[in-house]
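User: I'd like to work through how this model is put together, one step at a time. Can you show me the structure first?

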Amino acid sequence: MNETRLCTIEQIEQFLSGCLQVEFTKSGDDSERYEHISRVLKRFDYPGQGKREKGVLLKYLQVTSGYSRAQVTRLVTQWHTNRLATVPLSKRYRAPAAPFARKYTAIDIALLAEMDKANEDVCGPAIAHLLQRAYGVYGDARYERLVGLSVSHLYNLRKKHGLSSLAGSFRQD
């Protein structure tokens, strides 16, 4: 978005009042949006503005960046602290070098889908009981890891992996 024609706070207020019906979506990665926020804050001399003008700028940044009010406030605080640096805004977190190991493998997910399909997508507690029974009573070693599966995590796995679509079943209400 080329917003360099907006030069005054009044123009930004007009822009905000005119775009209430327009919904912005996040475009670009975080670094591009961080650059946009830095440019706007620098161009409008954010530290030198009054309380009302700062509020207008924060609302403008919230609308154009797609970040929440709290996130924009945090980023403005970070920018204010580092505004003399060459890159005043940057992500302060990264993905961990060694993420948590997955407890349930793709084979376990397939077994869970098979169990769902065989039992016509019954409720979570019933499936958890059937998994425990398959291992404990019938001695099926394939279900060893799934014995400790909690009902809440079972629902998480169903939601994440779309198990009803994996199993090929369709619910009719």
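User: At what angle do helix 5 and helix 6 pack?

Analyst: Quick ground rules: this is a predicted model, where local features need pLDDT of at least 70, side-chain atom pairs count only at pLDDT 80 or more, and totals for chains, interfaces and linings use all residues. Residues are numbered from 1 along each chain as its sequence is written, and side-chain values use heavy atoms, with hydrogens and water left out. Helices (H or I, at least four residues) and strands (E, at least two) are DSSP runs numbered from the N terminus, while axes are lines fitted to C-alpha atoms, for helices over the stretch in contact, and angles run from 0 to 180 degrees between N-to-C directions. Helix 5 (residues 106-118) and helix 6 (residues 124-136) have their axes 11 Å apart, and they pack at an angle of about 110°.

User: So how are helix 5 and helix 6 oriented to each other?

Analyst: Angles under 35 degrees count as roughly parallel, over 145 as roughly antiparallel, 65 to 115 as roughly perpendicular and the rest as oblique. With an angle of about 110°, helix 5 and helix 6 are therefore roughly perpendicular.

User: Which residues of helix 6 does helix 5 meet?

Analyst: Contact here means heavy atoms within 4.5 Å. On the helix 5 side you've got L112, M115 and D116. By class this contact has six nonpolar, no polar and one charged residues, where Ala, Val, Leu, Ile, Met, Phe, Trp, Tyr, Cys and Pro count as nonpolar, Asp, Glu, Lys and Arg as charged, and the others, Gly among them, as polar. The partners in helix 6 are I127, L130, L131 and A134.

User: Which residues of helix 5 are buried?

Analyst: Buried means under 20% relative accessible area, exposed over 50%, and partly exposed in between (1.4 Å probe, protein chains only). L112, M115 and D116, which meet helix 6, are among the buried ones.

User: Which residue with a positive phi follows helix 5?

Analyst: Helix 5 has 13 residues and reaches 18 Å from its first C-alpha to its last, close to the 18 Å expected at 1.5 Å a residue; that expected span is 1.5 Å times one less than the number of residues. After the helix comes a residue with phi near 55°, and that's E120.

User: Let's move to helix 2. What should helix 2 span at 1.5 Å a residue?

Analyst: Helix 2 has 14 residues, and its end C-alpha atoms agree with the span they should have. Just after helix 2, D45 takes a positive phi of about 50°. The span helix 2 should have is 20 Å.

User: Which helices do the buried residues of helix 2 pack against?

Analyst: The buried set in helix 2 is D30, R33, Y34, H36, I37, S38, V40 and L41. Of these, R33, H36, I37, V40 and L41 meet L57, Y60, L61, T64 and S65 in helix 3. That contact divides into six nonpolar, three polar and one charged. Overall, the buried residues pack against helix 3 and helix 4 (69-82).

User: How are helix 2 and helix 3 oriented to each other?

Analyst: Helix 2 (residues 30-43) and helix 3 (residues 51-65) pack at about 155°, with axes 11 Å apart. Helix 2 and helix 3 are therefore roughly antiparallel.

User: And S38, is it buried or exposed?

Analyst: S38 lies in helix 2. Leaving aside neighbours within four places in sequence, S38 is in contact with W79, P88 and L89. Its relative accessible area is 12%, so S38 is buried.

User: How far apart in space are S31 and K91, C-alpha to C-alpha?

Analyst: S31 is also found in helix 2, but it's partly exposed, with a relative accessible area of 37%. S31 and K91 are 60 residues apart in sequence, while their C-alpha distance is 7.9 Å.

User: Which residues of helix 4 make the contact with helix 3?

Analyst: Helix 3 and helix 4 pack at about 115°, with axes 9 Å apart. That makes helix 3 roughly perpendicular to helix 4. Helix 3 brings L58, L61, Q62 and S65, and helix 4 brings R69, V72 and V76.
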